[in-house]
Each structure stands twice: as C-alpha cells, then as structure tokens.
Amino acid sequence: MKTLFLFIALSVSYFAFSQKTLHDFTVVDIEGNDYQLSQLKGKKVLVVNTASKCGLTPQYKDLEKLYETFKDSNFIIIGFPANDFLKQEPGSDEEIAEFCQKNYGVSFPMMSKISVKGKKMHPLYKWLTSETKSEIQWNFQKYMIDENGKIVGYLSPRTSPLSDEIVNWIKK
C-alpha cells in the first residue's frame with residue numbers, strides 16, 4: 001500500500017511539474033520587483049542567461065538589435081544574469097544594469113542575478129532544463145518559448161541572436 005501511495009504521489013508531482021509553462025513563474029527583475037511571466041502570454045519569448053565578462057558578452061549588441069527589430073511583433077527577450085561560469089558575472093544587479101545600458105543600450109527586460117546550474121539553480125531554469133533534457137552549457141544559452149509559454153527549442157551559447165533559426169521562428 002505504501003508503495004502504491006508513493007507511486008501515485010510521485011506521478012502527480014511529475015504531472016504537475018511537467019504541465020507548467022513559462023507563464024506559471026514569477027521572477028525578480030533587476031530593480032528588485034516581482035515580474036510575473038504570465039504578463040507575457042501571447043508573446044514569443046527568448047530566455048537568455050547572460051554575463052558581463054564573457055567572450056560572448058558582445059551578443060548583447062545583437063540581442064538588443066533583435067529586440068528592437070521585433071518587439072512590436074509580440075516578441076520579447078528576458079535576460080538572466082548568472083555568475084555560474086568562471087565567475088563572469090561578479091557584479092551586483094545595479095552594476096549589471098549600468099553595464100548593459102552603458103555598453104550595449106539594453107532595453108529588453110533584465111532580471112535579477114540568479115544561478116542557472118547546480119544546487120542553487122533557479123526554479124525557472126530547473127523547468128527549462130528538465131523540459132528540454134538539456135544542461136546550461138555556458139553564458140548566453142537561448143530558450144525559445146511560444147505564445148502559450150511552452151518551450152519550442154533551445155540553442156547553444158555560440159548561436160547568434162540574429163541567426164536564421166531565431167529570426168525565422170519569430171517571423172513564423
């Protein structure tokens with residue numbers, strides 16, 4: 001009987017977790033305010049973990065260009081600074097926001113610094129990686145989320161934000 005109960009409990013937990021969408025999460029923005037991802041219903045979302053002192057940091061420029069090009073087409077980018085790879089995002093949220101604005105004119109929403117791997121992995125990234133059976137390879141890994149909050153794919157950190165794969169997905 002205990003085994004049956006445990007099986008049912010685990011099945012219900014798995015089903016509930018696997019039925020989540022991006023819209024079920026609340027995160028904290030870079031100014032410290034709650035950011036309900038449910039407000040993104042109806043938009044395609046590119047989720048990107050970022051870092052200010054990485055060889056891929058210049059991708060901020062192309063991310064901003066992508067955002068400016070498609071922000072009026074039900075598309076948004078959400079940046080999540082993370083210090084998980086060689087301590088390449090050591091700054092405070094305030095320092096990160098200043099860096100992004102000063103160096104790249106970032107206008108897409110940036111969130112508070114989180115962990116995207118390990119024991120302190122943020123729940124959103126636990127969901128992203130479990131749903132796609134992926135691991136965060138490095139800074140600037142990209143997850144594509146459809147208008148209903150479902151993951152439709154993910155791309156390696158080295159994939160340009162202006163790649164045909166991303167642009168064609170947005171235009172579809």
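**View 1. An open sheet of four strands.** The strands of this open sheet follow the order β4-β3-β5-β6, with mixed pairing. The model is a predicted one: local features need pLDDT of at least 70, side-chain atom pairs count only at pLDDT 80 or more, and totals for chains, interfaces and linings use all residues. Residues are numbered from 1 along each chain as its sequence is written, and side-chain values use heavy atoms, with hydrogens and water left out. Strands (E, at least two residues) and helices (H or I, at least four) are DSSP runs, numbered from the N terminus. Two strands pair if DSSP finds at least two bridges between them. At the edges lie β4 and β6 (151–155), each pairing on one side only. From one strand to the next, the twist averages 20°. Axes are lines fitted to C-alpha atoms, for helices over the stretch in contact, and angles run from 0 to 180 degrees between N-to-C directions.

**View 2. Strands β3 and β4, side by side.** Strand β3 (residues 44–50) and β4 run parallel, joined by seven bridges. Lys44 stands opposite Phe75 in β4. Further bridge partners are Val47 and Ile78, the latter in β4. From β3 the chain passes through helix α2 (residues 59–70) to reach β4, and this β-α-β crossover is right-handed. Right-handed here means that, with the strands pointing away from the viewer, the path from the first strand over the helix to the second runs clockwise.

View 3. Buried means under 20% relative accessible area, exposed means over 50%, and partly exposed lies in between (1.4 Å probe, protein chains only). Strand β3 is largely enclosed by the rest of the structure, because seven of its seven residues are buried. One side of β3 holds Lys44, Leu46, Val48 and Thr50, the other Val45, Val47 and Asn49, and all are buried. Strand β4 (residues 75–81) is mostly covered too, with seven of its seven residues buried. On one side of β4 are Phe75, Ile77, Gly79 and Pro81; on the other are Ile76, Ile78 and Phe80.

**View 4. Strand β5 and its partners.** Four bridges link β3 to β5, and the two run antiparallel. Val45 stands opposite Ile145 in β5. Strands β5 and β6 also run antiparallel, again with four bridges. Here Ile145 has Ile151 in β6 as its bridge partner. Helix α5 (residues 164–171) packs on the sheet, where it touches β3, β4, β5 and β6, and its direction makes about 15° with that of β5. Contact means heavy atoms within 4.5 Å.

**View 5. Ser134 and its surroundings.** Ser134 sits in the loop between α4 (123–132) and β5 (142–145). Its relative accessible area is 10%, so Ser134 is buried. Another polar contact, of 2.7 Å, joins the side chains of Ser134 and Tyr143. A polar contact is a pair of N or O atoms within 3.5 Å; within protein, one must be able to donate a hydrogen and the other to accept it, and residues adjacent in sequence count only if both atoms are side-chain atoms. Leaving aside neighbours within four places in sequence, Ser134 is in contact with Leu128, Thr129, Gln141, Tyr143 and Tyr154.

**View 6. Two loop residues with positive phi.** Most residues other than glycine have a negative phi. Asn74 has a positive phi, near 55°. Asn74 is in the loop between α2 and β4. Its relative accessible area is 47%, so Asn74 is partly exposed. Leu86 also has a positive phi, near 55°. Leu86 lies in the loop between β4 and α3 (93–104). At 68% relative accessibility, Leu86 counts as exposed.

**View 7. Cysteines without a disulfide.** The whole structure contains zero disulfides. A disulfide is a pair of cysteine sulfur atoms within 2.5 Å. Cys54 counts as buried, because its relative accessibility is 9%. Cys100 is buried as well, with a relative accessible area of 2%.
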